[in-house]
Amino acid sequence: MSQLASLTLYNNDDARPIIDAILADNPGVRVLKMPGAVKLDCEDKLVVKRASVEERMGHSWDLQEIHLVLISMAGHLDEDDDQFAVSWSH
Amino acid sequence: MTVKKLGLKQRYAHMTRGLDWETTYQPMDKVFPYDTFEGIKIKDWAAWEDPFRLTMDAYWKFQAEKERKLYAVLDAFALNNGQTNISDGRYANVVKLFLTGISPEEYQAHRGFAFAGRHLRGVGPRVAAQQQSLDELRHIQTQIHTISHYNKYFDGIGEFPHMHDRVWYLSVPKSFFDDARTAGPFEFMIAIGFAFEYVLTNLLFVPFMSGAAYNGDMSTVTFGFSAQSDESRHMTLGIEVIKFLLEQHPDNLPIVQKWVDKWFWRGHRVLGLVAMMMDYMLPKKVMSWKEAWEIYFTEAGGALFQDLARYGLKVPKYADIATAEAEHISHQNWAIFYQYTHAAAFHTWMPDKEHLDWLSEKYPTTFDKYYRPRWEMWAQMEKECKRFYNMALPMLCNTCQIPMGYTEPGDPTTICFRETQFRGETYHFCSDGCKDIFDGEPEKFAQSWLPVHQIFQGNCGGATVPDVLNWYRMNVGADNMDYVGSPDEKLWNEWQAGKVKAAS
């Protein structure tokens, strides 16, 4: 059975560079749009890369600021200074 | 020599570890008296992982930013009379049910996590539980602030804390949290942290809050998503709790499995209220309860339990029954509230044709067969001035406290009854799930405060319905009964007429 790693984010301008970075960095991501929110699902693993988000924002970004636009998640979290990953692998 | 900057993981380790100490004036077991009696064995508290690595200073910074954003929206909503721009006056009833039924549980969660944060002896879970305790306090405060604006215009809201402790259907969520808070700290963490936060709250806060957005309620969607942004931290705490307990000692597995089974089923019963809100009370719909269940339980819960299988943990008992009930639960709950509208502090209605067609489409194998004919009959009876009210007090399930209106697994035409004997008394249940929970802790559940029993025992203001409603502080004729004919409807229609006039 498939195991989807998932992040749900606000659907607003603050979250858009993060959503775009996720779409670019995670091939095969499934997008579910709901009013006010976007749910992104990917088989096994989903990664948010700081550098990729910063490129789209045009300024430096602290990865922990993702807390301001994150609605929900699925998978085990692994976070450091450069990336924020949810996955089901060990 | 250049000093290398510490990475996030090292910084976090330095900021959060070594903050605790072995007590010397008193033995540790006296300082932490509650973390052994449940039978959970912990060998090494230091093995606790905090995946979010959020230190207290960063926590305050982010929470302050969330609050600034939220209160700017609440201010704008009030200044712009946002209440006149919701999709329909009926929508206000979901806000009423939320504030009376769910917000007080945020406060109970605040108290529960404060207790767990004090009484677990490992520093990792204590920091996480204390942050969650503060989050939950923030949630009820923001919910009261948001909904107080609706209270200026709509009925059924003003007495919410009083009603929460007394009104029959509010005993369903209340007893759920009372049960969790009177358990030991580990059971509380599995009950609320894991079973509720990780497995079930997405169903409440994601599709339902998205529904608030879709229905023009920008204040509720904002507090909902603001609360939910804390929720990803809570979910992570929940999954860490279960991994930690299962990794610490093999003897923990059967205890944790029993709690997972119990709290999954209890949570499923409480969320039946949300099922009804999504399928019946949102005038503009985002997805059906069944669709939400498929995404958030079948798919997300499936991935989770597949992962936890490596510890020997199984999918919660009766998960298959709960999934089958996703076809029925919203309809059966709405039927209960429709029949008892005179005793509920929000309004009910029969769905119109467009709404019935949507339900037929979303529930193709069950709605037309079992529910649509009943709704059409009740709508016809309304037209003939014979609106159906059920004046008998219902028998309640001794565990979930919901009236016994649910049907047998596999047979939606037969009401499900289960019973058990304890100390010479007979106790009644709506399902095998609720019966098993009682049988596991009969001494606890034999003490349940069941609203209907309390009325019959003379503890609820008197023997008649008006006496009881008075004891609930129900404003009869305004808070209760159908939406059609209510003061809410009258006000809403005046606003709409005002808009038409202004436009012409």
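**Entry 1: a pair of strands in chain A**

I began with strand 1 and strand 5 of chain A, which run antiparallel and are joined by four bridges. I take helices (H or I, at least four residues) and strands (E, at least two) as DSSP runs, numbered from the N terminus. Two strands pair if DSSP finds at least two bridges between them. I looked up Thr8(A) and found its bridge partner in strand 5 of chain A, Ser72(A).

A note on ground rules: this is a predicted model, where local features need pLDDT of at least 70 and side-chain atom pairs count only at pLDDT 80 or more, while totals for chains, interfaces and linings use all residues. Residues are numbered from 1 along each chain as its sequence is written, and chains are lettered from A and ligands numbered from 1 in the order in which they are written.

**Entry 2: the sheet around that pair**

Strand 2 and strand 3 (residues 37-43) of chain A are antiparallel and share five bridges. Within that pair, Val31(A) has Leu40(A) as its bridge partner.

How is strand 5 of chain A placed, buried or exposed? Five of its five residues are buried, so strand 5 of chain A is largely enclosed by the rest of the structure. Here buried means 20 or more other C-beta atoms within 10 Å of the residue's own, exposed means 12 or fewer, and partly exposed is in between, with C-beta atoms placed from the backbone.

**Entry 3: the side facing chain B**

I then checked the interface: 24 residues of chain A are in contact with 32 residues of chain B. Contact means that two C-beta atoms, placed from the backbone, lie within 7 Å. Which strand of chain A gives the most to this side? I found that strand 5 of chain A does, with five residues.

**Entry 4: the other sheet**

I also found three strands of chain A in an open antiparallel sheet, in the order 4-7-6. Strand 4 (45-49) and strand 6 of chain A stand at the edges with a single partner strand each, so one side of each is left without a neighbour in the sheet. Strand 6 and strand 7 (residues 83-87) of chain A pair over four bridges in the antiparallel sense, and Asp78(A) stands opposite Ala85(A) in strand 7 of chain A.

**Entry 5: Val29(A)**

Val29(A) sits in the loop between helix 1 (16-25) and strand 2 of chain A. I counted it as partly exposed because it has 19 C-beta neighbours inside 10 Å. Not counting residues up to four places away in sequence, Val29(A) touches Ile22(A), Leu23(A), Leu40(A), Asp41(A) and Cys42(A).

**Entry 6: Gly117(B)**

Gly117(B) is partly exposed, with 19 other C-beta atoms within 10 Å. Its C-alpha atom is separated by 5.2 Å from that of Gln130(B), 13 residues apart along the chain. Leaving aside neighbours within four places in sequence, Gly117(B) is in contact with Arg126(B), Ala129(B), Gln130(B) and Ser133(B).
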